[in-house]
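The following paragraphs lead the reader through the structure shown below, from the arrangement of strands and helices to the contacts between domains and chains.

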Amino acid sequence: MTITATTTPIDDAEALRLRADFPLLGREVHGEPLIYLDSGATSQKPRSVIDVERAYYEETNAAVHRGAHTLAGEATELFEAARERVARFVGARSDEIVWTSNATEGLNLIAYGISNASLGRGGEAAERFRIGPGDEIVTTELEHHANLVPWQELALRTGATLRVIGLTDDGRIDLDEAAAVIGERTRLVAVAHVSNVLGAVNPVSQIVALARSHGALVVLDACQSAPHLPLDLPALDVDFAVFSGHKMLAPTGIGVLYGRSELLNALPPFLTGGSMITTVGLIESEYLPAPLRFEAGTQRVSQAIALATAIDYLDAVGLDRIEAWEAELGLRLFEGLSRVEGVRILGPAPAPGVERVGLASFVVDGVHAHDVGQFLDDRGIAARVGHHCAQPVHRRFGVTATTRASAYLYNTTADIDAALDAVAGVRAFFRVA
Amino acid sequence: MASRELETLYQQVILDHAKQKHGFGLREGSSGESHQVNPTCGDEVTLRVHRSADGRDPVTVESISWEGQGCSISQASASVLADLVHELPEEDLRARVGAFRELMQSKGSLEGDEELLGDAVALGGVSRYVTRIKCAMLPWVALEHALAVR
C-alpha cells in the first residue's frame, strides 16, 4: 500500500508547485505561456525523472543480466528494483511484470503468444491459449487502435472470429450487448479501463464477470488509468494488463505488461533471441521462465529505472489525490464545454455511476478539429486533434476528428478556463458563428 | 484575439475557399483519379483529372473535380487548385505543383508567384506551421498521382 504524505485535496496552489518540477512546462509557445492539455497523448517529465536517467548514463550504464563486472551488477540491481517498484504500484508480484517498449508492444506480445500457441508452440502448458475457427475474440467499439488491430490480426491468422461490443448513444459500453456477445465461444475479451476519447471509466468488473462465467481471458488496456488513478490489477481480476511509461511521467520507450504468473509461464514467447534463453542448441532452444522469457535482446534499462522514479513521484503525490484533482478539472472542462454554443462532447455526461477522468473530446460545429487545435495553439494551448488512434469510436458518433483536452496533476483550473475561453472564440474567428 | 501569424495562416481568401469550394463534386469523364488520406487526422481528398478530348499536343488538362473532407487548409487548398487548372498543358501543371511544394517547404521565406499559383499564394502562411503542410499538400499530391495513373 502506498502511504501518501497528505490527505488534503490538491488545489491550484499545489498544482502550480508540482508544475515547477517540470522544466518543460515553463516554456512559451507563440510568445504565450504554454498550457499543456495533451497529457492523454504523452505526459511531461519531472526533473527527478530526467535526472535519474542522466545519472544512470553518467554513473552506472551497463548491459543487464550478463557480464560479471561491477557496473553490470549495479545496473542489473537497479533494473530489477524498478520491476519490483512497478509491481508494487499495481499490486502485483515482480515476476508478473514484463518490460515492453510500450502498451502496443505488450498487446502484440499477448496476441503473438496466443498465435504461437495456436501453431502448437509451448507444449501442453500452452494448450489453454490455442484458438482457431469457431472461437471468438471480443473487444469493444471504443478501443484505441492498439487494442483492436492486434486482435484483428490474431483472428485473421488463426481463423477465430473477432466480435465487437457496441456503445450506447451516450458513449458507454453497452452491457446488454456485452452479455449477448460474450458467450461459450469467447476465449478472450480485450477492453480499455478508461477510453482515451470518451473519458469515462469503463465497467471493467461487469465485463470481467461476464468473461469469467464463460472461462474467457481478460486483457485490460490500462494506458489511461495507470497514470491517473489507483490501480490494483489482481483486485480487478484481469489476466493481462498493459500500460505505457511515457503517459505517466516516464520517458518514451518503456511499457509494462502485467500477466498472472501462471499464464505468463504458459504463454509461448513473442520476440526471441538473446537473454530469454536457458540452453541454445543449433536447431532448438529452451527458454527462461517469465518474465525474462519475454525480454529478448538488450533491455531499456535507463527507461525502466526512470519509470520507477516516475512512480515514486506519483505515489508521493498520491494517486487517489491525483484522481480526485483530475476529476475536478474534468468536470470543469465538461461543464464549461457544454455551455459553449456549437460544441458537442463525445462521451457520457458525469452522473451517478459514470466516473469521468480529466479529459474531453469535442466537436466545434462548422470548424474542423485541426483548425480548432491551431487556434488553441496560437494561445499557447496544446491540445490533441484528429482521431486519437481511435477511428471506430469517431465513426460511431459520426465524425472523423475531434479536439481533445486532457489534464494531469500539473494542470490548474486556470488552464481549463483558458482552454474554455479559447474554444468559445473559435467559431467567431472562423466566421461560422 | 489571434496573433498576426494566425491571421496570416487563415486569410479571408482561405476561409472563403474553404466555405465556397470551387471544383467540388466529382464529374464523369475523367482520365485519372487519386484518393489521398492524411492518416493522422483522417482528412481525405478524391481528385479527378479531366483532359481535353481532342488529342491536342501537348496534352492539356481542361479541369479537375474533387470531393473530400477535412480542415479549412486542405479544403481551401483543393479549391484554389481547381481555380488554377484551366486548359493547362500537363507539364505546366506539374511545374505549378512543384512551385507550390517549394512554397510549402519555404518556412515562410518565399512569397509565392501569383502568376503561377493564383490564390494558392495565400496558403504561403502554412509553411510556417510544420504540422499543417501535409494538409495543404494533400490535393496537390492527389493531382500528381492522378496525372501519373493514365
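Two strands are taken to pair if DSSP finds at least two bridges between them. The model discussed here is predicted. With that criterion, chain A contains an open sheet of four strands in the order E13-E14-E17-E16, with antiparallel pairing. Its edge strands are E13 (343–346) and E16 (384–386) of chain A, each of which pairs on one side only. From one strand to the next, the twist averages 30°. At one end of the order, E16(A) pairs with strand E17 (residues 402–406) of chain A in the antiparallel sense, over three bridges. One residue pair can be located directly: the bridge partner of A:Gly386 in E17(A) is A:Thr402.

Helix H11 (residues 319–338) of chain A lies across E13, E14 (359–364) and E17 of chain A, and runs at about 15° to E14(A). Helix H11(A) also meets helix H10 (residues 301–317) of chain A; the two axes come within 6 Å and cross at roughly 75°. Because angles of 65 to 115 degrees count as roughly perpendicular, H10(A) is roughly perpendicular to H11(A). On the side of H10(A), the contact is formed by A:Leu314, A:Asp315 and A:Val317, which meet A:Leu319, A:Arg321 and A:Ile322 in H11(A). By class, this contact of H10(A) with H11(A) has four nonpolar, no polar and two charged residues.

A:Gly347 is placed in the loop between E13 and E14 of chain A. Is this residue buried or exposed? A:Gly347 counts as buried, because it has 25 C-beta neighbours inside 10 Å, and the threshold for that class is 20 or more. Leaving aside neighbours within four places in sequence, A:Gly347 is in contact with A:Gly171, A:Leu198, A:Gly199, A:Ala200 and A:Ser361. Its separation from A:Leu331 is 16 residues in sequence and 13 Å in space, C-alpha to C-alpha.

These elements can now be placed within the domains of the chain. Chain A is divided into domain 1 (12–46 + 319–429) and domain 2 (52–314). The C-alpha centres of the two domains lie 28 Å apart. Across the boundary, 28 residues of domain 1 of chain A are in contact with 29 residues of domain 2 of chain A. On the domain 1 side, the elements that give two or more residues are H11, E14 and helix H13 (391–396) of chain A. The largest share of that side, six residues, comes from H11(A). The residues of the side of domain 1 that touches domain 2 divide into 13 nonpolar, seven polar and eight charged.

Strand E9 (residues 240–244) of chain A is mostly covered, with five of its five residues buried. In a regular strand the side chains alternate between the two faces of the sheet. Both faces of E9(A) are covered: A:Phe240, A:Val242 and A:Ser244 are buried on one side, and A:Ala241 and A:Phe243 are buried on the other. Strand E8 (residues 217–221) of chain A runs parallel to E9(A) and is joined to it by three bridges; in E9(A), A:Val242 is the bridge partner of A:Asp221. Strand E10 (residues 255–259) of chain A pairs with E9(A) in the antiparallel sense over five bridges, and A:Gly255 in E10(A) is the bridge partner of A:Ser244.

Chain B is considered next. Its helices H2 (residues 12–19) and H3 (residues 72–84) pack at an angle of about 85°, with their axes 8 Å apart. That angle makes H2(B) roughly perpendicular to H3(B). In H2(B), B:Ile14, B:Leu15, B:His17 and B:Ala18 meet B:Ser72, B:Gln75, B:Ala76, B:Ser79 and B:Val80 in H3(B). The contact has five nonpolar, four polar and no charged residues.

B:Ala120 lies in the loop between helix H5 (114–117) and helix H6 (133–148) of chain B. With 28 C-beta neighbours inside 10 Å, B:Ala120 counts as buried. Beyond its neighbours within four places in sequence, B:Ala120 is in contact with B:Val80, B:Leu81, B:Leu84 and B:Phe100. The C-alpha atoms of B:Ala120 and B:Ala76 are separated by 8.7 Å, although these residues are 44 residues apart along the chain.

Finally, the two chains meet: 15 residues of chain B are in contact with 16 residues of chain A. Helix H1 (residues 4–9) of chain B provides the largest share of the chain B side, three residues. That side divides into seven nonpolar, six polar and two charged residues.

Terms used. Residues are numbered from 1 along each chain as its sequence is written. Chains are lettered from A and ligands numbered from 1 in the order in which they are written. This is a predicted model: local features need pLDDT of at least 70, side-chain atom pairs count only at pLDDT 80 or more; totals for chains, interfaces and linings use all residues. Axes are lines fitted to C-alpha atoms, for helices over the stretch in contact, and angles run from 0 to 180 degrees between N-to-C directions. Angles under 35 degrees count as roughly parallel, over 145 as roughly antiparallel, 65 to 115 as roughly perpendicular and the rest as oblique. Two residues are in contact if their C-beta atoms, placed from the backbone, lie within 7 Å. Ala, Val, Leu, Ile, Met, Phe, Trp, Tyr, Cys and Pro count as nonpolar, Asp, Glu, Lys and Arg as charged, and the others, Gly among them, as polar. A residue is buried if 20 or more other C-beta atoms lie within 10 Å of its own, exposed if 12 or fewer, and partly exposed in between; C-beta atoms are placed from the backbone. Domain bounds come from an automatic or database domain assignment.
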